[in-house]
Amino acid sequence: MGMWASLDAVWEMSAEKRIFGAVLLFSWTVYLWETFLARRQRRIYKTTTHVPLELGQIMDSETFEKSRLYQLDKSTFSFWSGLYSEVEGTLILLFGGIPYLWRLSGRFCGYAGFGPEYEITQSLVFLLLATLFSALTGLPWSLYNTFVIEEKHGFNQQTLGFFMKDAIKKFIVTQCILLPVSALLLYIIKIGGDYFFIYAWLFTLVVSLVLVTIYADYIAPLFDKFTPLPEGKLKQEIEIMAKSIDFPLTKVYVVQGSKRSSHSNAYFYGFFKNKRIVLFDTLLEEYSVLNKDIQEESGMEPCNDGEGDSEEIKAKVKNKKQGCKNEEVLAVLGHELGHWKLGHTVKNIIISQMNSFLCFFLFAVLIGRKELFVAFGFYDSQPTLIGLLIIFQFIFSPYNERITCGNMIKKVYFA
């Protein structure tokens, strides 16, 4: 009888309370499950103290031990930062943080002479305050990760001043993109009529393609220097490898990542017949020196036009200490080009856009349900931005988690 009474009590709860409770329950269920998996992985980091036989030919014990200790520290950090994030999100929901921030943004708009009818303006103020809050609460964790964990293991290359200036610059650039795009999206939803979800989806598709196109040429250079890879054996081998798989390579750049971290990577970007490859200077030890020392001596500016460097600079590069072997660099780059050859980039774009269209369609179906807004503290109004937040972040959370798990499985088996 006790169990049935409890079930009856749950059923008699209002729809709003059931929605709110389900959101919190699912969030904590996912968090506890992921924490359980992370704890199992952490046990592996602790107990595996010798190089596995499979890696014995390619990794020495010192390198393995450094990697193991680094992963242990990262695991501890992830546990505490994840716990904080989950508790913070729960408290925001329980104490009505979202409706409070919406009312606060409305008061700011009122001071500037904008009434409740200026919903899009209030939405932009809400976004600004929300992202500012997120940046400030996440700052201590970011500082600890950079100046304690990364510093301890020899990866951090940043000064505190550079870190803060970079964080401020990132916040400003993000707002310059986020606020206009959000304003246009909300306007399209407002005037789109019954088929607004189609127009909203097409708008987000265009925005995503534009951002992918301009990121490396106009946004990334705001934070890092890009220089053309000088002529030499490595560049020739990259061009030969690209040609062997019909990759339409036009430029090869080196990005100055060594001012932030000693981690290495490589990537490509561009559409159709205009592909460009970017190598981190930390992947090429001699080019890291080039960025930090030779550019300062020569006064060379970051370059994105593809023109070559001076013969003096090329000569200095050749005389620098050799970093990674060309074969290792090509192996890293080959992994990235393999994604292109197998069509992963196009497939991911198609899948993500199909998913985006489905989400906008379901949003159109659910946006009129008042109980969704009441469940999160909006009793007298149903702002479009809040509807996007509630439906995309909370109501779709089981679906989003399923998609995320699917992507993780693909990475494990096909990356």
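Phe197 is buried, at a relative accessible area of 10%; buried means under 20%, exposed over 50% and partly exposed in between, using a 1.4 Å probe and protein chains only. Phe361 is partly exposed, with a relative accessible area of 37%. The model is predicted: local features need pLDDT of at least 70, side-chain atom pairs count only at pLDDT 80 or more, and totals for chains, interfaces and linings use all residues. Residues are numbered from 1 along each chain as its sequence is written, and side-chain values use heavy atoms, leaving out hydrogens and water.

**Aromatic pairs**

- A pair of aromatic rings is described by the distance of the centres and the angle of the planes.
- The structure holds 23 aromatic pairs. Rings of Phe, Tyr and Trp (its six-membered ring) pair if their centres lie within 6.5 Å; planes under 30 degrees apart count as stacked, over 60 as edge-to-face and the rest as tilted.
- The ring centres of Phe197 and Phe361 are 5.5 Å apart and the planes stand at 75 degrees, so this pair is edge-to-face.
- Phe197 sits in helix α7 (residues 196-219) and Phe361 in helix α12 (residues 344-366), so the pair ties together parts 164 residues apart in sequence. Helices (H or I, at least four residues) and strands (E, at least two) are DSSP runs, numbered from the N terminus.
- Phe376 and Phe394 form a stacked aromatic pair, with 5.1 Å centre to centre and 15 degrees between the planes.
- That pair links distant parts of the chain, 18 residues apart: Phe376 is in the loop between α13 (370-375) and α14, and Phe394 is in helix α14. Both Phe376 and Phe394 are buried.
- One aromatic cluster includes Phe196, Phe197, Trp201, Phe357 and Phe361.

**The sheet**

- Four strands form an open, mixed sheet in the order β1-β2-β4-β3. Two strands pair if DSSP finds at least two bridges between them.
- The edge strands are β1 (226-228) and β3 (266-269), each pairing on one side only.
- Neighbouring strands are turned by 30 degrees against each other on average, direction ignored. Axes are lines fitted to C-alpha atoms, for helices over the stretch in contact, and angles run from 0 to 180 degrees between N-to-C directions.
- β1 and β2 (residues 249-255) pair in the antiparallel sense over three bridges. Phe226 stands opposite Val255 in β2.
- β2 and β4 run parallel, joined by six bridges. Val254 has Leu279 in β4 as its bridge partner.
- β3 and β4 run antiparallel, joined by four bridges. Tyr269 has Arg276 in β4 as its bridge partner.
- Five of the six residues of β4 are buried, so β4 is largely enclosed by the rest of the structure.

**Helix α8**

- α8 (residues 233-244) lies across β2 and β4 (275-280), at about 135 degrees to β2.
- Lys235 is in helix α8. Lys235 counts as buried, at 14% relative accessibility.
- Lys235 touches Leu229 and Pro230, not counting residues up to four places away in sequence. Contact means heavy atoms within 4.5 Å.

**Helix α4**

- α4 (residues 97-111) has 15 residues and reaches 21 Å from its first C-alpha to its last, close to the 21 Å expected at 1.5 Å a residue. The expected span is 1.5 Å times one less than the number of residues.
- The buried residues of α4 include Ile98, Leu101, Trp102 and Cys109.
- What covers the buried residues of α4 includes α3 (61-94), α5 (119-152) and α14 (384-395).
- Gly113 follows α4, with a positive phi near 90 degrees.
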